[in-house]
Each structure stands twice: as C-alpha cells, then as structure tokens.
Amino acid sequence: MKNRYKILLIAVLAMFSAVSCQQFSDVSKIGEVESLSAVVSVTLNLGSAPIPDKLNVKMINYSERYEVNTTMNPNGTVTIPNIIPGIYTITVTSEKSQDGFTYNYSGNVVNVDIVTNNKQITVNVGASKSGALVFKEVYYCGSRTPTGGSYFRDQFYEIYNNSETVQNVRNLAIAIIAPLTATPNKPVWPATEDPSLFVYALQIWSVPNDKDYPLNPGESIIIAQMADDHKKSNLNPSSPVNLLSAEFETLVNTTSLIQDNPAINMVMSFWPSPTPQWLTTVFGGAFVIYYPNEPINPANFVTPVGLTTRHYRIPIEDVVDALELVGNATQVQLKRMPAVLDAGAATVGGTYLSVSVARKVKETVGGGRAILFDTNNSSEDFEVMNPPVIRRYGAVAPSWNTWK
Amino acid sequence: MKMRKVKYIYWAGVLMLTLFAVQPASAQKTTDKNSPASIELLKAKSLWFNTTNGAGLTLDKMYNFSSVDFTYQLKSGDFKKLQDGDKERLLGVSTEGGQKLGTGYAWGKFSFNNEMQRNTQFNTTMLDPARGMPFYPVDPNISDWKKQDYRLEMKVASQPLWDRVILGIQGEYFASTGAKQVDPRSETYFYTINIKPALVALFNDHALGVNFVYENLVQESGTTNSNSQINHNVYVMKGLGNYYPSVVGGLQSLGRFVYNGNKVGAAIQYSYGFSDMKFLLEGKYDYGVEDVISTPTKPKKEGSVVRELMDAKLTAVKNGFNVSRLELSYSNRSIDGIEHVQVLDNTYEVQQWVDLYSSIRAIYKQEDISARFDFFRGADHDYKWKAGLFTNYRSNDDDYIMPHSRMIIKNMYFGADAKANLSLGGETKLLAGAGFTYKNNFDGSYHYRGADPGSIIITQFMTPDFQFLKQSYYKIGGELSLYSGLGKMSRAGFYLKASLDYYKPIEGDNSRVQTNFGLGFIF
C-alpha cells in the first residue's frame, strides 16, 4: 500500500514537473517588446475616377486601441514606424471633387498581423461616387424603463437621400447579416460560388413593391421596429423617441403591446423563424440596404458548413449602403461586414443606453440641406448621439407621408 | 482524480501531525508553562524554523508546544486601497503544534478564515488582487466580497543520520474561495500546493543546508449577473492602467478566467554556532510561470507572468539570560508581464486561437532591504519584557514598456515595539505591548501614456490607488494579552487577547483602525 502511495506521489510530481517544464520552455525565448515598421503600398482600381492627389493611411490595433495616421502618394509607398506588434486594420481613404462629382476612394485590409519588421502590406483601393441612399441614423441599443428594465421596441433605422437627385425607395430591402453579433467565430460558407462576392442575411424586410415611394434630396424615411409613441405609459415613458411619424414599420403581428400603426407595413421577405417583433440585436448588428435584382425567394436559402441555420445570399454589387455596428470599440476587430462595404464599424459602447449612431455632417448646401459623410468607413462617418432624434439636421419627411 | 487523492493524503498527513503535536509533552520541565510570550520567544530563538529548510528544525532543539487560537478581526476606515473594504470582518481559527520525534522534530499548522469585505471596488474576480498578477477584470460597481480560506502547513525533520545528515520536508496547501456580491458578480476558487524537500549536512559547529521548492497554483474565476436584463461593462487589466473593455452578460459575456502556475526554486543555508552565539545565512531563488487563459473550451491567452525572486537573509541570535536577535534581509522580486498576439484559426474543423507573437510588455520590480533587532529580557522559557527596532526600505519600479507607462514608489519604514510580561500573581500574566511605525515616502510618480488617459480606470482607480501607495503615514498600536495557567501541574493555559492598530496619513483626514480579539489555548 505504501509503495502505491509512493508511486502515486512520484507520478504526480513527475506530471507537475513535465507540465512546468513545458510552461517554462514556452516563455524562455520571449523577449521585451520592440516597436516595428510596416511598409504600405496600394493597388488602384479606379475605373473612370480620377487619381486622388494623396491618400490617407490609418492603421488601427483595436485590442490595444492604438492608432497611427499618415499620408502617402498614390503611386508610392509609405513606411510607418513605431508600431506595437499586433493585429491591425489598415484603411486607405481619400476624396476628390471633379466635374461636379465627389469621388470617394477607399480600401482596407483587416486583421493583418504585424509581428515582423518591415511587413509589406498592399491595399486595393477602389473609387465610387458618393452613394445616394445612406443610413443616416440608427438607434439599436434600446432604453431603460423607469424601473430599470430593458426596452427594445423603439429601435429605428433612418435612410436618407444624400444625393442631388430624386431616389425611389420602392422595393428597397434592409437586411441584417450574419453572424448576428460581432464574434471571432465566423460561419464557413459553402464554396459553390465565391463566398467573398456575397453577404449572408439572417432577415430581410422590403419596402412594398406596390407603388413608387420617391425621396427628394434631403428627405429621409424612418423604418421603425414599431412605429408607435414609445413614451406612452404602457410602453416606456423613459424611451427617447416617438416614432408615430415613421414611414415604415416591421409589423409581424399585433399583440397587447404591438399595434398596427399608421406607418406602412414593410414586407417580410426573408425570416426563417420570425418572432412577434423585428428585434435586432442590441449589441449591434450589421446592416445593408439594397435593391434585389430578382424577387427574394425564401426557398433559395443557404446554410453554413455544419449548421442548419438558413441564410439568404445578397450579392455585394447590389448593396446600396452598409453599416456595421458592434458592442464596443474593441470588437471592431471582429468585423462581419466585408471591407469593401464598410471599412470600419460604429458603436454606442453598451446596451439600453438610449443613444444612437448618426452620420456626421460633411457640409450644408443651399436650403440648409445637409450632405453627410459617406466614406464607406463607419468608424469615421458615424458618431454617437444622445438622445436619438429622427430627421435631425433638417431632414424632411417625404410628401407621401401624410401621417407625419 | 489522482490529484485529489494526493491532496487527501497530504491533508491527512498534516492533520495527523498537528493533532499529534498537541499531545502533552514529556521532555519539558513541568513548571515551564507555555504561553504566548514563551512561544514567541521559542520561535525567535529558532533560526532554522524561520527558513524554508524543514530539515533544520532538528538543530533548533525546540520543545513541544501546541496551541488553538480563535481570532475576530475588524477593520474600518477610508485610508485604504479601493480594492479593500470600507469595513472588513474576519473570523479565524488556527491550531499549531510542534513535537519532538526522538531527536527529530515535526511541526504543523492548520488555519481557517472566514472574511467579509464591505464596499470594495475595482475587483471583479481576484481573491487577492495584490498577489502579483496584472491580468484580471475590474468593474466600478461598489460591492461586498465574501471569502474563506484554509491553510495547512507542515515541517518534518529527521534525527541526524550518521551524525552527519538530517533529512526534512516542508509543505503547504492553501485553498481559498470567494464570491463578489454585486453584479457583475463572480465566484473564484484558488489553491496552491508547495513542497520543499530539504537536507542539512553537519560539520561540527557548522551546518550547511539545501532545499528545493516546487509549487503548483490554480485559480478559476467565473462571472455572471443576477439581473440578466442588465449587462455590465468590465475592464480587463493588463498592467499599469492598460486594459481592454469587455462586458459581463449577454451573448458576448466575458469568459471564465483560468490561471495555472508552476514554480521551482532552491535555497541554501549556512549556520554556525559558538559559545552562546548562533547565526544563519540563507539565500533563496525562485522562478515561476503563470499563464492566464479565458474561455477554457476555446482557450485564449490573456497573458502570462514570469516571476523571479532572489532573497538573502542573515539572522544572528545571542542566547543567555537575555536574548538578542538581529535579522538583516534583502529581497529582489521581478515580474515580467507577457502579452500574446493571437488569431483565431477559423477553419471549421479547427477553430482555435493560434499564437503569432509573444513579448514582455511590462516589468514589475520590487526591492526590499530590512533590518530588525529584538531584545528579550530575562529570557529563559518566557521573557520579562522585550523591545524591538526595525526598518525597511522598499522600492517599487513598474514599467509598461509600450506604450510607455511607469510607476515608481519608494518608501522607508521605521518602527519600534515593546512588550512587558507582567505577573499578576499565581498563574496569571498580562502581556502588554505597544508599537509605532512610521512610513516615509520619498519618491513617487505615475505616468500613464496608454490609449485612454480619461477613462475611469485611470481617473477613479489607478490614480487614487497610486496616491494611497505614496502617502506617508504612521501607525500606533497596542495589545493586551491576559494569560492564565490551567492547574499547577499542567503546562496548559489559556489567554484572552485584544489589540488595536490605528493608521493615519501625514496629510489628509482619513484613517483606518484594525482591531483584533483573540481567545486561545496553549499546551
């Protein structure tokens, strides 16, 4: 018996020794951190757009909350010193006005590991004219009730005509894409077609395709989860918004709390497992608006490898605007949205805070019409607003909204 | 399962030793009653007892003793770190005993503490946030903590073999658990086990000792919210105010933190005795590594630390009618904070975090130089009175390399204490003591150059704690211990004890009071 205990004791000590040896070996060659340099170059895919005069280069290490900014010549390279080793998102942007158009130049690479000196990084930079329809303000995080409870029925999405021409939102679709929240665990998509050409929707709602819904420059539409006055006593007197004047709502079915409001009901185009309201995650979803190039058929779903959850494939080339929202600033590195649609992400940094994200004003033109930033980088284009306000900056409701 | 079995064996062994040691002694004069003062003197005289070499116990020629102590401790006041409680209550029980084994010796101790801390802040998961671990989450919510711990210690020394060699072993098992009482709340389990095999070689009046150290440490902390409707922001600290934000609650809740550490080390001792003088020189070196991972089912490294400790101590004791004791020591502790750059291999079949780069991002250094002199008057089995003087220089130099932040604190402590062992007639004695300590801060600076100098972590946590650490203060204290024997022919006795320490900074109106009440039996 004594021998058994001795053997047991020796075995345990040997096991501990082996574990500790491995642990000691793992750290034995680790030295002090040293700053690194990276060399950034660009490949320009500008089509007919003019070459920008200079490019702004931004490197962000989200986990360190460390940022380096510099500029470079479009035809050259730039060496960026004093970099903390880590995972970086490199964004290259510029803007140029020519022949009456404003061109945005953007490109980025995400999750680039810079852990060796003089790492060569190439960024593909594309050009686009500023988009016509853009997400103007999104209130997604919800609010607190007077008793401290959680209230999330007052979410809204404001879409704005940021262009000089009339836009028609008939059949415009809004989708939340997968995964639902920012996470390192990305779904793996079947490679029947190049997965990088698509985003994958969890739910899609569409403006009815029954008639035209014109939107003049400077006008906006509000898509409400529930287009009611949320300050009502039976809802949440602490809610920051009254959405009775919203143009659209995502009604699934009425309940004791949810009623069919004056707003036009959106069409539920794709939602495999609907719930009584279109609650999108209060941690921040990733959204696109787009015009489907063919009718949305829910039967044409796709599932990630190893999962049965149904998703709908949206071609990136159909997307009009995109907005990635995350739970906090660190989670920008967990981006879901392809960089070509949104090079960054916006956040209110918490949940049930009664605050929103809204696009910044770039300039105000004749008649007080606001032109909003649209660089395809939500980290730059959006700011946190307290409280959320529909149609801020003088945005106007469309004339066909007679209940406003 | 095997590990648990070894723990049971270890426990059983230490408890047996402790219980064995509380048996009545035989080799001691029956008139010599053990008392708090006599045990204090016994330990002061015993040079090897205060080393990490268990084998040396035989050379101390300690007599048999044993005690059972109950303690009730209260702390209150606002002169404290934020992570301490406004009020703290500790209930403790311990038993300790030493027993001759022929010409060898065995010693054991068991203690249990139950603690309640009121209104702590900026500590979400750590049972001991000052244990030298920079990677842990904090939150600004004011909360109570409930903790309890037990500690088992043992030392065994053989009799001299061939009059040349003594073998010994020393071990300790410490287990602690605690829970934070307000959202984001946590439950944390912590344990260490260490074992120190030892040997002493004898050369006439000279003795040369060596012992080795192995220690294993595990901590597990899980966070949750009682109110699932409200998520809470937490800040995962990386050192000197650097952090990354996270949240407890919801789909992206902070994962479970698991700490796993191992330590090895060695110490050598040399002692020499002539006439009534004895001295002992000890040098120690410990090296340990502790890894921190989160979400054990898909482990992600939060960081690692490498700890090095070098320690040297000289102790000299002059015995006689009076006892004089001098202790000089130097220690140098260095902790490297290692951070890892990782990416998730998102391949469907793999899905694991992969190390790309690891580097030392912070170095925390602490240096201590101390001296203490004690004089025991009339020191045979007991003492009539004692007086002591001590000083301690402590330098902390913490350096976060990139982005560069630094905290330097240099303090000097001076103090004096005295006790009088007054006979009240019969078997009753009163041990009355008083002490004074002055801490003088002569250097202190904190420069944070990280990402967010305006965050509450810097403005409400790091800066106030730094201000506390660099404050000069004085402490005055006193204690009374009333001892009474239990029968003339018995060595047993019991005591009642009360002590009070009052801390007051040189600048400012805050203060802190620590009160202890004790009841004990000594055999």
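**Helices and strands of chain A in the predicted model.** Chain A holds 2 helices and 26 strands, where a helix is a DSSP run of H or I with at least four residues and a strand is a run of E with at least two, both numbered from the N terminus. This is a predicted model, in which local features need pLDDT of at least 70 and side-chain atom pairs count only at pLDDT 80 or more, while totals for chains, interfaces and linings use all residues. Residues are numbered from 1 along each chain as its sequence is written, and chains are lettered from A and ligands numbered from 1 in the order in which they are written. The C-alpha trace of chain A spans about 90 × 65 × 45 Å along its principal axes. Of the 404 residues in chain A, 44% are buried, a residue being buried if 20 or more other C-beta atoms, placed from the backbone, lie within 10 Å of its own. Among the contacts in chain A with a separation of 6 or more, 70% are between residues 24 or more positions apart; two residues are in contact if their C-beta atoms, placed from the backbone, lie within 7 Å.

**The two domains of chain A and the contact between them.** An automatic or database domain assignment provides the bounds, and it divides chain A into domain 1 (36–129) and domain 2 (133–385). Taken over C-alpha atoms, the centres of these domains of chain A are 28 Å apart. Domain 1 of chain A brings 12 residues to the contact, and domain 2 of chain A brings 11 residues. On the domain 1 side, β5 (86–98) and β6 (101–114) of chain A each supply at least two residues, and β6(A) gives the most, with 5 residues. That side of domain 1 of chain A is made up of 3 nonpolar, 8 polar and 1 charged residues, counting Ala, Val, Leu, Ile, Met, Phe, Trp, Tyr, Cys and Pro as nonpolar, Asp, Glu, Lys and Arg as charged, and the others, Gly among them, as polar.

**An open, mixed sheet in chain A.** In this sheet, 7 strands of chain A follow the order β18-β17-β16-β11-β8-β23-β26, strands being paired if DSSP finds at least two bridges between them. At the edges are β18 (264–265) and β26 (382–385) of chain A, each of which pairs on one side only. Strand β23 (residues 356–359) of chain A runs antiparallel to β26(A) and is joined to it by 4 bridges, with A:Ala358 standing opposite A:Glu383 in β26(A).

**An open, antiparallel sheet in chain B.** The 3 strands lie in the order β4-β9-β10 of chain B. Because β4 (136–138) and β10 (242–248) of chain B stand at the edges with a single partner strand each, one side of each is left without a neighbour in the sheet. Direction ignored, neighbouring strands of this sheet are turned by 35° against each other on average, as given by lines fitted to C-alpha atoms. Strand β9 (residues 232–239) of chain B is joined to β10(B) by 7 bridges, and B:Gly239 has B:Asn242 in β10(B) as its bridge partner.

**Strands β8, β11 and β12 of chain B.** Strand β8 (residues 206–224) of chain B runs antiparallel to strand β11 (residues 257–274) of chain B, with 16 bridges between them, and B:Val210 in this pair has B:Ile268 as its bridge partner. A hairpin with 2 residues between its strands is formed by β11(B) and β12(B), and B:Ser275 in the turn has a positive phi of about 50°.

**The contact between chains A and B.** Chain B contributes 39 residues and chain A 41 residues. Elements of chain B that each supply at least two residues include α1 (2–21), β13 (300–318) and β14 (323–345), while β15(B) provides the largest share, 6 residues. The chain B side divides into 22 nonpolar, 12 polar and 5 charged residues. The predictor gives the complex an ipTM of 0.83 and a pTM of 0.82.

**Helix α2 of chain B and its surroundings.** The buried residues of helix α2 (residues 36–45) of chain B are B:Pro36, B:Ala37, B:Ser38, B:Leu41 and B:Ala44. These buried residues pack against several strands of chain B, among them β17 (405–423), β18 (428–447), β19 (473–485) and β20 (493–505).

**Confidence along chain B.** Where pLDDT is low, the predicted coordinates should not be read in detail.

Terms used
Axes fitted to C-alpha atoms, helices over the stretch in contact; angles between N-to-C directions. Buried ≥ 20, exposed ≤ 12 C-beta atoms within 10 Å, placed from the backbone. pLDDT = per-residue confidence, 0-100.
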